[in-house]
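Visitor: I'm new to this one. Could you show me how to read its core?

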Amino acid sequence: AGVPKDRIAKAIETAVSGGGAGDEFVLEGYGPGGSALVVRCVADNRTRVVQQLRHTLGKAGGRLATANETMYLFAKRGVLTWANVRGGVASAERIAEAAIEAGADDVDVSAASDDAGDDADAHDVMAMCDDWRALMPLRKAMSAAGHEPTTFDE
């Protein structure tokens, strides 16, 4: 609205050059009904994020927690997914078997999500690692076997 052009240009330049990525930090809290939350944040102004999250949780009946108050309730896991695998259950099962052989701790094959279109034979495959550090070796092994995942996340 009333922001000078040079300030906008500087903000864009900082973002493009990578200098404005901000700090990474973790906040913990409790949501409505006492559900535990862990929120991973990247922001240039930590104080503003903390205050906004405190306000948002408070309106919903929750609160921010102190450090490590809820963290013990969560395990950091790695997840690879293959969405809309064509060729029926057999193709999805081949990917699942390859993931288990490559070191996945848990594998799930399900009917494809709604964005599969008209292909009723499509399936989704999800492979999970109990140790998030095993995610990249699993991804590399699956890619080398010709099964490039749709997404991967820790």
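Guide: A nonpolar core is a set of buried Ala, Val, Leu, Ile, Met, Phe, Trp, Tyr and Cys residues joined through side-chain atoms within 4.5 Å. Buried means under 20% relative accessible area, exposed over 50%, partly exposed in between (1.4 Å probe, protein chains only). Here the largest nonpolar core has 14 residues, and Leu80, Trp82, Ile95, Val125, Ala127, Leu138 and Met142 have the most contacts inside it.

Visitor: Which helices and strands each supply at least two residues of this core?

Guide: Strand S4 (78-85), helix H3 (88-102), strand S6 (123-129) and helix H4 (135-144) do. H3 gives the most, with four residues. Helices (H or I, at least four residues) and strands (E, at least two) are DSSP runs, numbered from the N terminus. Keep in mind that this is a predicted model: local features need pLDDT of at least 70, side-chain atom pairs count only at pLDDT 80 or more, and totals for chains, interfaces and linings use all residues. Residues are numbered from 1 along each chain as its sequence is written, and side-chain values use heavy atoms, with hydrogens and water left out.

Visitor: What does Met142 touch?

Guide: Contact means heavy atoms within 4.5 Å. Leaving out residues up to four places away in sequence, Met142 touches Trp82, Ile95, Ala98, Ala99, Ala102, His147 and Glu148. There's also a second, separate core of eight residues, including Leu27, Cys41, Val50 and Leu57.

Visitor: And how many helices and strands does the protein chain have?

Guide: Four helices and seven strands. From the N terminus on, they run α-β-β-α-β-β-α-β-β-α-β. Of the chain's 154 residues, 27% count as buried.
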